[in-house]
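Please look over the notes on this model before we discuss it. Have the sequence and the coordinates open as you read.

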Number of protein chains: 2
Amino acid sequence: VGATADAYWNFAGPFGGYVAALCMKAVVTDVRVLGPPVAQTVNYCGALAKGPFEITTRIPRGGKATQHWSIELIQDGQVAATATIVCANRRETFAHQAVAMPSVPPVDAVPRMKSDGRLPWLSSYRFHFIEGGPRFTPAGEGEPLGPSKTVMYLADHPARPLDVVALSSLADCFILRLLQMRGASVPMIPMSTVSMTTYFHAGPEELAAQGDAPLLGVADGKRFSANFHDQHMDLWGRDGGLLATGIQTVWYKA
Amino acid sequence: VGATADAYWNFAGPFGGYVAALCMKAVVTDVRVLGPPVAQTVNYCGALAKGPFEITTRIPRGGKATQHWSIELIQDGQVAATATIVCANRRETFAHQAVAMPSVPPVDAVPRMKSDGRLPWLSSYRFHFIEGGPRFTPAGEGEPLGPSKTVMYLADHPARPLDVVALSSLADCFILRLLQMRGASVPMIPMSTVSMTTYFHAGPEELAAQGDAPLLGVADGKRFSANFHDQHMDLWGRDGGLLATGIQTVWYKA
């Protein structure tokens with residue numbers, strides 16, 4: 001049982017990363033947890049209103065290697081989100097990173113986005129855009145689409161040491177691709193994340209070593225069709241390790 | 001209620017795509033379904049044994065735009081898989097494909113893999129490898145890792161017209177990246193998909209237009225760490241449309 005926090009408010013409710021973090025926290029703080037999380041899927045069924053909510057957790061199946069959790073976030077008797085989280089008994093094994101972090105300037109060389117007076121959740125993070133970025137002004141008639149890709153530094157604000165709860169929320173800190181490409185409109189065309197899946201490559205030691213240093217985030221989308229588009233993302237740590245990777249699908253009205 | 005089909009057998013149970021297709025079929029043939037699926041996540045909790053099983057479906061939340069399904073596949077009183085599927089009332093909207101199908105030779109110019117006598121599920125599909133491919137023989141000592149990427153044509157065998165049930169299974173037809181990279185070993189190191197998420201870009205008309213022509217599939221992995229690796233995939237239709245995109249996480253023992 002909890003209550004919504006205003007600092008993570010988006011248009012019509014808390015931004016999706018906050019909901020992901022709530023579900024993740026419910027699992028990793030549960031005494032039954034087998035080990036660190038590997039995978040999380042959150043389905044956003046309806047916007048949360050300000051006020052109290054309840055999180056229910058079940059373990060449909062658990063073994064020595066993996067543990068499967070099913071989570072529901074309920075408010076006023078309605079399911080606002082469902083989620084599944086896979087935890088595991090993770091040990092050292094064959095390890096290999098097949099991709100390299102993009103070559104980018106240091107964070108100090110990239111201006112920080114001013115978020116004053118905009119959506120509250122934007123002020124709960126620091127954003128330093130290297131490539132792509134939000135367009136808060138309406139796009140002009142006949143203006144070409146903006147880029148689908150974003151490369152940015154991002155971090156919690158105020159700063160906090162990285163852990164898997166913070167990471168599950170940072171995975172949703174990329175502006176929706178469609179908004180970046182088309183720019184804002186007046187009135188805003190409704191759009192929201194409907195489902196998000198994040199895989200956690202880094203274990204607790206690697207996350208702890210990151211401290212409160214900004215992550216490098218890369219996001220892009222592939223296809224926009226019949227009310228939905230996909231959006232994939234990578235989050236890199238300061239030593240070039242791929243901490244998390246994921247994908248989300250976004251509903252848009254028109 | 002159903003029973004497992006031998007034609008889709010893998011090492012220790014039916015291959016994961018078969019389970020995904022069973023869950024998808026349960027939803028799209030249900031009279032309550034709102035519209036075509038947008039997203040599917042399947043969590044593989046334990047191997048299915050040969051024999052009967054039961055699929056339970058719930059709709060935790062449904063609206064005019066989206067409908068959220070929760071599914072469990074149960075065998076002998078144990079949950080073998082959980083899944084969530086989002087269906088939607090999909091209409092024509094802004095449409096854009098930000099990526100292009102890779103330039104590849106026609107399917108007739110690419111040899112078909114012989115799968116006789118190997119795992120049964122391999123014979124339920126046709127595979128034509130353009131880049132990357134399975135290594136069924138153990139890798140030699142000190143041999144370099146194989147490629148993480150695969151580009152291939154794939155189709156149901158015997159041929160059948162494409163629909164979303166077949167597509168949800170085709171999304172899991174890529175050999176596990178780790179197996180491709182390290183090659184088979186004797187004895188085999190246990191590995192299996194633990195969670196898979198697929199997004200469906202194409203609606204029913206676009207799938208019907210594909211008929212039984214092979215799809216072009218591209219898969220790759222990013223990081224292998226502490227018993228798990230990710231694997232992402234795209235499935236392209238014959239007119240260069242991105243029909244589906246997805247991601248999975250794979251457990252491996254060592």
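Predicted model: local features only at pLDDT ≥ 70, side-chain atom pairs only at ≥ 80, totals over all residues.

The points below take up symmetry, the interface, the cores and the salt bridges.

1. Side-chain atom pairs count only at pLDDT 80 or more. Totals for chains, interfaces and linings use all residues.

2. Symmetry. Chain A superposes on chain B by a rotation of 180°, with 0.0 Å of shift along the axis. The RMSD is 0.0 Å. The two copies are thus related as by a two-fold rotation axis. Both use the same surface: 100% of the contact residues of chain A recur in chain B.

3. Extent of the interface. The contact draws 66 residues from chain A and 66 residues from chain B. About 5,400 Å² is buried between the two chains. Carbon and sulfur atoms give 58% of that area. Which three residues of chain A supply more of its buried area than any other three? They are A:Phe94, A:Lys222 and A:Arg223, with 15% of what chain A buries against chain B.

4. Polar side of the interface. The rule finds 45 residue pairs in polar contact across the interface, both residues at pLDDT 80 or more. On the side of chain A that touches chain B, strand β13 (residues 242–252) gives the most, with 9 residues. There are also 6 salt bridges between chain A and chain B. One pairs the side chains of B:Arg223 and A:Glu206, at 3.0 Å from N to O.

5. A second bridge between chains. A:Arg58 and B:Glu72 meet through their side chains at 2.9 Å, N to O, in a salt bridge. A:Arg58 lies in strand β3 of chain A and B:Glu72 in strand β4 of chain B, so this pair joins two chains. B:Glu72 is buried because its relative accessible area is 14%, and the cut-off for buried is under 20%.

6. B:Ser70. This residue also sits in strand β4 (residues 66–75) of chain B. B:Ser70 is buried, with a relative accessible area of 14%.

7. Nonpolar cores. The largest core holds 49 residues. B:Phe127, B:Leu167 and B:Leu235 have the most contacts inside this core. Helix α1 (residues 16–28) of chain B brings the largest share, 8 residues. A second, separate core has 47 residues, including A:Tyr44, A:Ile85, A:Cys87 and A:Met113.

8. B:Leu167. What does this residue touch, not counting residues up to four places away in sequence? The contacts of B:Leu167 are B:Leu162, B:Phe200, B:Leu207, B:Leu215, B:Leu235, B:Leu243 and B:Ala244.

9. Salt bridges within a chain. Over all chains the structure holds 14 salt bridges. A:Lys50 and A:Asp6 form one through their side chains, at 3.5 Å from N to O. The pair links distant parts of the chain, 44 residues apart. A:Lys50 is in the loop between β2 (37–44) and β3 (52–62), and A:Asp6 in the loop between β1 (2–3) and α1 (16–28). A:Lys50 counts as exposed, at 52% relative accessibility, whereas A:Asp6 counts as partly exposed, at 46%.

10. A bridge in chain B. B:Arg160 forms a salt bridge with B:Asp163, with the closest N and O atoms 3.4 Å apart. B:Arg160 is partly exposed, at 33% relative accessible area. B:Asp163 is partly exposed, at 32%.

Terms used: Residues numbered from 1 in each chain as written. Chains lettered and ligands numbered in written order. Heavy atoms only, no water. Core = buried A, V, L, I, M, F, W, Y, C linked by side-chain atoms within 4.5 Å. Buried < 20%, exposed > 50% of the residue type's maximum accessible area, 1.4 Å probe, protein only. Helix = DSSP H or I, 4+ residues; strand = E, 2+ residues; numbered from the N terminus. Contact = heavy atoms within 4.5 Å. Least-squares fit on C-alpha atoms with pLDDT ≥ 70 in both. Buried area = accessible area lost by both parts, 1.4 Å probe. Salt bridge = Lys/Arg side-chain N within 4 Å of Asp/Glu carboxyl O. Polar contact = N/O pair within 3.5 Å; in protein donor to acceptor, adjacent residues only side chain to side chain.
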